[in-house]
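Here's a quick tour of a predicted model, starting with its charged pairs and moving on to strands and cores. Have the structure open as you read.

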Amino acid sequence: MSALYDTANPLLYGILKSYAKHNKENPTETERILWKFIKKSQLGEPFRRQHIIGDFIADFVCIPAHLIIEVDGGYHQLPEQQADDKERTAWLNNQGYEVLRFTNEEVLFDIDNVIMKIKDKVYETDMRKFFIYLVLSDIKPFPVPFCSL
């Protein structure tokens, strides 16, 4: 397992670490609800809360799946915040992460759909890694025996 700071900007790590710690100790209601469903590898891969990536703190991240989950409150509807979110998402995408965004309302009132979308992304990534492994390891599929009736 890599160190928790491997994905962080070393120049800002100290400051971001204190913000992340504060956020982790004081989660929003929606973050608390979502965490109940994704902690302890319940979706097949481990997730971390308030994890630093570059200059940003992700609400939730699944490092093996390169998947970031963001829960957006009302202020994310403001035009300047939307511009910041778009820039942040583009930077994270360039680092190889996929970002899924959910509104507070989705987490509060449609949690089953939220979990299904996250599960689908984790599964999609697991399958992609499996096929890459097969190609790189040059494993041949087992032959299917011929059977006549």
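## A buried salt bridge

Let's start with Glu-70, which counts as buried at 5% relative accessibility. (Buried means under 20% relative accessible area, exposed over 50%, and partly exposed in between, with a 1.4 Å probe and protein chains only.) Its side chain meets that of Arg-88 in a salt bridge, 2.9 Å from N to O; the term covers a side-chain nitrogen of Lys or Arg within 4 Å of a carboxyl oxygen of Asp or Glu. Glu-70 sits in strand β3 and Arg-88 in helix α3 (residues 79-94), so this pair links distant parts of the chain, 18 residues apart. Arg-88 is buried too, with a relative accessible area of 14%.

A word on ground rules: residues are numbered from 1 along each chain as its sequence is written, and side-chain values use heavy atoms, leaving out hydrogens and water. Since the model is predicted, local features need pLDDT of at least 70 and side-chain atom pairs count only at pLDDT 80 or more, while totals for chains, interfaces and linings use all residues.

The salt-bridge count comes to six. One of them joins Asp-85 to Arg-101, with the closest N and O atoms 3.8 Å apart. Asp-85 lies in helix α3 and Arg-101 in strand β4, so the pair ties together parts 16 residues apart in sequence. Asp-85 is buried at 8%, whereas Arg-101 is partly exposed at 27%.

## The strands

Helices (H or I, at least four residues) and strands (E, at least two) are DSSP runs, numbered from the N terminus; two strands pair if DSSP finds at least two bridges between them. Strand β1 (residues 48-53) runs antiparallel to β2, with five bridges joining them, and Arg-49 stands opposite Phe-60.

## Two cores

A nonpolar core is a set of buried Ala, Val, Leu, Ile, Met, Phe, Trp, Tyr and Cys residues joined through side-chain atoms within 4.5 Å. The largest has 19 residues, and Phe-47, Phe-60 and Ile-118 are among those touching the most other members. Its largest share, five residues, comes from α5. A second, separate core of seven residues includes Val-61, Ile-68, Leu-92 and Val-99.
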